[in-house]
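Dear colleague,

Please find below the structure that I am handing over to you. My notes on what was found in it follow directly after.

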Amino acid sequence: MSNASPSSSLELSIGVPFSFEVYPPRNPELRDALHATILELAASGPDFISVTYGAGGSSRDATLECVKFILENTDVEPMAHLTCVAESYQGANELVRTFLDSGVRSFLALRGDPPQGTQEGEDFLGDLGSAAELTQLIHRVQAEREPFVFVEEPRWHAGATRLSQKREFVRIGVAAFPNGHPQSRSKTQDIDVLLAKEAAGANLAITQLFFHADDYLSFAQKAKEAGLRMPIIPGIMPVISPGRLRRMIEISGEDMPSDLEIALEIEPTVEGQREIGVEHAVNLARELMAGGAPGIHLYAFNQSGPVLDVLRRLEA
């Protein structure tokens, strides 16, 4: 890494690890603004910054550019999203190798949503049919890249080495759905799928959006009782406008949180709406941490201000 984060004095501590999600710029003109946002987020001391991946690889190059920027300009670990949509086995293998060769050691393995114009049940996934299969592939590619390493053995003699099959750790996150995946038949099925992802090699789960602490706390407890060992990190977004709330509900399929909806709709000012969204996220995070959440993942929507405000209030 060539340049450290802008200022270590900006680092925040809320008692648990925290992380952020950003998405690649939709056009080159937005790249500089995203880079500035990433530097501001990195200065707060996150565990990692994840970068989303467009359906069918539509933002592949932009995602790779973004994770390289994080690697080269911050001390924060980037987490690259990957999906199964429209990927051949060979193509996915080459893609994973490209990210690994670039220095990425954290991934979020996702099945992916149907591309625009297609629906569930249609053949859009390609050779990999699930996030569990993608997780296995990432581990397999890493094993092929580093089948062994040389380990120093000074007890033998100066400069002595031996072969070891211990490879560099690869962190693989997967999605969790506290209120159920849209295609799931039951909460039990959602937990069974999460257990299957862990068995495939996942070591971290990040939730989709939810709006009430009990949604997460109940799901996490049931998953633990079912035998899940990996941490489930709750994902939170400061929803700072009625339009953003409607968009998030459309994407996630969650039920509309009527209390937040009404508060945002009746507030006439942008500043007031921002305050409502930030405070809602702060209160939600406090309940989650009090209930034992092992960390907080903040969906930044490519804006540093609201998520950093959430962290500052949690720190206070």
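**Charged pairs between helices**

E279 is partly exposed, with a relative accessible area of 28%; here buried means under 20% relative accessible area, exposed over 50%, and partly exposed in between (1.4 Å probe, protein chains only). Please note that this is a predicted model, in which local features need pLDDT of at least 70 and side-chain atom pairs count only at pLDDT 80 or more, while totals for chains, interfaces and linings use all residues. Residues are numbered from 1 along each chain as its sequence is written, and side-chain values use heavy atoms, with hydrogens and water left out.

The side chain of E279 meets that of R313 in a salt bridge (2.8 Å, N to O). The term salt bridge denotes a side-chain nitrogen of Lys or Arg within 4 Å of a carboxyl oxygen of Asp or Glu. This pair links distant parts of the chain, with R313 in helix α10 and E279 in helix α9, 34 residues apart. Helices (H or I, at least four residues) and strands (E, at least two) are DSSP runs, numbered from the N terminus. R313 is partly exposed, at a relative accessible area of 25%.

A salt bridge also joins the side chains of D309 and R274 (2.7 Å, N to O). Here D309 belongs to helix α10 (residues 304–315) and R274 to helix α9 (residues 270–290), 35 residues apart. D309 is buried, with a relative accessible area of 18%, whereas R274 counts as partly exposed at 29% relative accessibility.

E265 and R246 form a further salt bridge through their side chains (2.9 Å, N to O). E265 lies in helix α8 (residues 258–266) and R246 in helix α7 (residues 242–252), 19 residues apart. Both are partly exposed, E265 with a relative accessible area of 43% and R246 with one of 45%. By the rule given above, the count comes to 10 salt bridges.

Leaving aside residues up to four places away in sequence, E21 touches S50, T52, H81, H297, L298, Y299, A300 and F301; contact means heavy atoms within 4.5 Å.

F301 has a positive phi of about 55° although it is not a glycine, and its relative accessible area of 28% makes it partly exposed. N302 lies in the loop between β11 and α10 as well. Its phi is also positive, at about 60°, although N302 is not a glycine. N302 is buried, with a relative accessible area of 17%.

**Helix α4**

Helix α4 (residues 131–145) has 15 residues and reaches 21 Å from its first C-alpha to its last, close to the 21 Å expected at 1.5 Å a residue. The expected span is 1.5 Å times one less than the number of residues in the helix. Its buried residues are A131, A132, L134, T135, L137, I138, V141 and Q142. Their cover includes β3 (77–83), α3 (89–101), β4 (106–110), β7 (171–176) and α5 (187–199).

With kind regards
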